[in-house]
Amino acid sequence: MEIPAINLKAIVLVHWLLTVWGCMAWLPASFAWGNFSVLAVGVWAIAQRDSVDAVLMFLLGMLITILTDIIHFGIFYQSYNFLSNSKELFRFSAGMAILSLILKPATCFFVLQMYRERGGEYNVNFGFPTVTRNRSAYESIDHQNQPSNSANQT
C-alpha cells in the first residue's frame with residue numbers, strides 16, 4: 001500500500017495556523033515560543049530541499065512539542081477555564097491547540113517518510129554503538145598475492 005505524499009509546506013501551514021489560534025486566549029508564551037521555533041525549523045526544511053538535517057531537526061522538534069504541549073495543557077487548562085472572560089474564545093482556542101496536538105503524531109509519521117526520501121537512515125540503538133562490517137572489503141590472509149614466477153623463469 002502506497003503512503004500518500006504530504007507536502008511539507010501544507011504541514012507547516014496547518015500547524016502554524018492551529019498554533020496561532022491556540023495562543024489566542026489561554027496558553028502562555030512558552031507554548032508559542034516552543035511551537036513557533038519548531039515551525040521555523042520546518043521552514044528551514046522547506047527552504048533546503050536536500051537537507052536531511054533540517055527534516056530530522058523538524059521531526060525531533062515535533063516530538064518534543066508533543067510532550068511540552070501535554071504539560072502545558074495539564075498545567076494551564078483548568079486555571080484558564082474558570083478565569084476566562086469569554087468562554088467561546090477559550091473553547092475555540094483550546095480546541096485548536098488540542099487539534100494541533102492530535103495531528104502531531106501523524107505529522108511526525110509523514111515527516112519521517114520525508115526524512116527517508118531525502119536519504120536519512122534511522123537506527124534505534126538507545127545510545128549503544130553499533131558496529132557494521134563490510135565483509136566484501138576484506139582480503140583473506142591465506143591467499144597472499146605473491147609475484148608471479150614467470151618473470152623469474154626466463
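A nonpolar core is here a set of buried Ala, Val, Leu, Ile, Met, Phe, Trp, Tyr and Cys residues joined through side-chain atoms within 4.5 Å, where buried means under 20% relative accessible area, exposed over 50% and partly exposed in between (1.4 Å probe, protein chains only). The model is predicted, so that local features need pLDDT of at least 70 and side-chain atom pairs count only at pLDDT 80 or more, while totals for chains, interfaces and linings use all residues. Residues are numbered from 1 along each chain as its sequence is written, and side-chain values use heavy atoms, with hydrogens and water left out.

View 1. Of the 154 residues of the protein chain, 30% count as buried.

**View 2. Helix α4 and its kink.** Helix α4 (residues 87-117) has 31 residues and reaches 44 Å from its first C-alpha to its last, close to the 45 Å expected, the expected span being 1.5 Å times one less than the number of residues. A kink of about 35° lies at lysine 104, shortly before proline 105; the bend at a residue is the angle between axes fitted to the seven residues ending there and the seven starting there. After α4 comes glycine 119, whose phi is positive, near 100°.

**View 3. The salt bridge between lysine 104 and aspartate 69.** With a salt bridge taken as a side-chain nitrogen of Lys or Arg within 4 Å of a carboxyl oxygen of Asp or Glu, a search of the whole structure finds 1 salt bridge. The side chains of lysine 104 and aspartate 69 meet in a salt bridge at 2.6 Å, N to O. This pair links distant parts of the chain, since lysine 104 belongs to helix α4 and aspartate 69 to helix α3 (residues 52-83), 35 residues apart. Both lysine 104 and aspartate 69 are buried.

**View 4. Aromatic pairs.** A pair of aromatic rings is described by the distance of the centres and the angle of the planes. Rings of Phe, Tyr and Trp (its six-membered ring) pair if their centres lie within 6.5 Å, and planes under 30 degrees apart count as stacked, over 60 as edge-to-face and the rest as tilted; by this rule the count comes to 7 aromatic pairs. The rings of tyrosine 77 and phenylalanine 90 have centres 5.4 Å apart and planes at 45°, so this pair is tilted. Because tyrosine 77 lies in helix α3 and phenylalanine 90 in helix α4, the pair ties together parts that are 13 residues apart in sequence. Tyrosine 77 is partly exposed, at 32% relative accessibility, whereas phenylalanine 90 is buried, with a relative accessible area of 2%. Phenylalanine 109 and phenylalanine 110 form an edge-to-face pair, with 5.5 Å from centre to centre and 70° between the planes, and phenylalanine 109 is partly exposed, with a relative accessible area of 37%. Ring pairs also link Trp26, Phe31, Phe73, Tyr77 and Phe90 into a cluster.

**View 5. The loop between α1 and α2.** Tryptophan 26 is found in the loop between α1 and α2 and counts as buried, at 1% relative accessibility. The C-alpha atoms of tryptophan 26 and phenylalanine 76 are separated by 7.5 Å, although these residues are 50 residues apart along the chain. Methionine 24 also has its place in the loop between α1 and α2, but methionine 24 counts as partly exposed, at 43% relative accessibility. Between the C-alpha atoms of methionine 24 and phenylalanine 92, which are 68 residues apart along the chain, the separation is 8.8 Å.

View 6. Valine 55, found in helix α3, counts as buried at 1% relative accessibility, and its C-alpha atom is separated by 8.4 Å from that of tryptophan 44, 11 residues apart along the chain. Cysteine 23 is partly exposed, at 22% relative accessibility, while cysteine 108 is buried, with a relative accessible area of 8%. The structure holds 0 disulfides, a disulfide being a pair of cysteine sulfur atoms within 2.5 Å.

Terms used. Helix = DSSP H or I, 4+ residues; strand = E, 2+ residues; numbered from the N terminus.
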